[in-house]
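Here is a friendly note to read alongside the model. Keep the structure open, and find each residue as you reach it.

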Amino acid sequence: MNHPQQMYHYHVWASHTIMQRIQELPPAVLHQEVGSSFPTLAHALSHLYAVDQMWYLVLTGTGMPEALQLCMPRNGETFATIEEYVNRYDELSDQFLDWFRQQSDLEQTIPLDNPFAGLRQTSLAEIIFHLVNHGTYHRGNISTMLRQLGHASVMNDYFRFWYEGEGSNEVADSDAVV
């Protein structure tokens with residue numbers, strides 16, 4: 001597995017990890033108001049989903065202005081249950097994994113016409129790294145929101161993925177100090 005793919009796998013793992021934590025909490029927590037980056041956890045998850053979907057469209061040939069127009073209205077659309085988010089993320093990650101299987105050169109560049117920054121030749125790998133970084137940033141927001149709501153979050157750092165996910169290159173020593 002190449003590095004962009006591994007990072008995408010981390011992104012999926014980390015998103016699932018935080019959604020599993022939310023599943024452990026009372027269902028009302030998903031829509032409970034909090035004074036933070038987003039009004040609710042549901043809004044934060046909707047934003048992550050909309051942006052991931054937008055980048056998928058870009059990677060599969062849709063121009064960025066059109067992909068933004070299609071996906072950004074979904075920022076404000078929330079789902080009733082955390083299970084709906086899990087299902088939507090699973091469907092989208094399956095689409096990404098199919099896309100990865102079709103790629104032979106992730107260093108290939110495409111013209112990215114970003115309405116906020118202009119036109120730039122951008123590699124497919126750069127887009128994947130941006131998607132992962134964006135997800136990490138907002139999972140941090142979600143962790144903060146959980147604490148503000150009186151609940152513990154869950155560790156979803158990349159190093160944990162090494163030991164629990166496909167990122168592990170060696171068998172972890174249970175007595176090892178991190």
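This is a predicted model: local features need pLDDT of at least 70, side-chain atom pairs count only at pLDDT 80 or more; totals for chains, interfaces and linings use all residues.

1. Let us start with T17, which lies in helix α1; helices (H or I, at least four residues) and strands (E, at least two) are DSSP runs, numbered from the N terminus. At 11% relative accessibility, T17 counts as buried, where buried means under 20% relative accessible area, exposed over 50%, and partly exposed in between (1.4 Å probe, protein chains only). T17 touches V154, M155 and N156, leaving aside residues up to four places away in sequence; contact means heavy atoms within 4.5 Å.

2. Residues are numbered from 1 along each chain as its sequence is written, and side-chain values use heavy atoms, with hydrogens and water left out.

3. Next, aromatic rings. The structure holds 13 aromatic pairs; rings of Phe, Tyr and Trp (its six-membered ring) pair if their centres lie within 6.5 Å, and planes under 30 degrees apart count as stacked, over 60 as edge-to-face and the rest as tilted. Why is the pair of Y8 and F100 tilted? Their ring centres are 5.6 Å apart and their planes stand at 45 degrees, so the pair falls in the tilted class. Y8 sits in helix α1 and F100 in helix α4, so this pair ties together parts that are 92 residues apart in sequence. Y8 is buried, at a relative accessible area of 2%, and F100 is buried too, at 5%.

4. A second pair to find is W13 with F161. Their ring centres are 5.7 Å apart and their planes are at 55 degrees, so this pair is tilted. The pair links distant parts of the chain, with W13 in helix α1 and F161 in helix α6 (residues 158–164), 148 residues apart. W13 counts as buried at 15% relative accessibility, and F161 counts as buried at 1%. Please also look for the aromatic cluster formed by Y8, Y56, F96, W99 and F100.

5. Now for empty space. Rolling a probe the size of a water molecule over the atoms shows where empty space is left. How many cavities of 30 Å³ or more does a search of the whole structure find? The search finds 1. On a 1 Å grid over the protein atoms alone, a cavity is a set of points where a 1.4 Å probe fits but cannot get out, and lining residues have an atom within 4 Å of a point. The largest cavity has a volume of about 70 Å³; grid points are joined across faces, edges and corners, and a volume is the space filled by probe spheres set on the points.

6. Which residues line the largest cavity? They are Y8, H11, V12, S15, H16, D52, Y89, L92, S93 and F96. Helices α1 (3–23) and α4 (82–101) are the elements that give two or more residues to this lining, and α1 gives the largest share, 5 residues. By type, the lining divides into 5 nonpolar, 4 polar and 1 charged. Here Ala, Val, Leu, Ile, Met, Phe, Trp, Tyr, Cys and Pro count as nonpolar, Asp, Glu, Lys and Arg as charged, and the others, Gly among them, as polar.

7. Then comes the nonpolar core, a set of buried Ala, Val, Leu, Ile, Met, Phe, Trp, Tyr and Cys residues joined through side-chain atoms within 4.5 Å. The largest core has 53 residues, of which L41, L45, W55, V58, Y85 and I142 touch the most other members. At least two residues each come from α1, α2 (41–59), α3 (64–71), α4, β1 (109–114) and α5 (124–148), and α2 gives the most, with 13 residues. Leaving out residues up to four places away in sequence, W55 touches M64, F96, L112, I127, H130 and L131.

8. Finally, two threonines in loops. Is T40 buried or exposed? T40 counts as buried, at 3% relative accessibility, and lies in the loop between α1 and α2. T81, in the loop between α3 and α4, counts as partly exposed at 31%.

Conventions
On a 1 Å grid over the protein atoms alone, a cavity is a set of points where a 1.4 Å probe fits but cannot get out, and a pocket is an open set with protein on both sides within 12 Å along at least five of seven lines; lining residues have an atom within 4 Å of a point.
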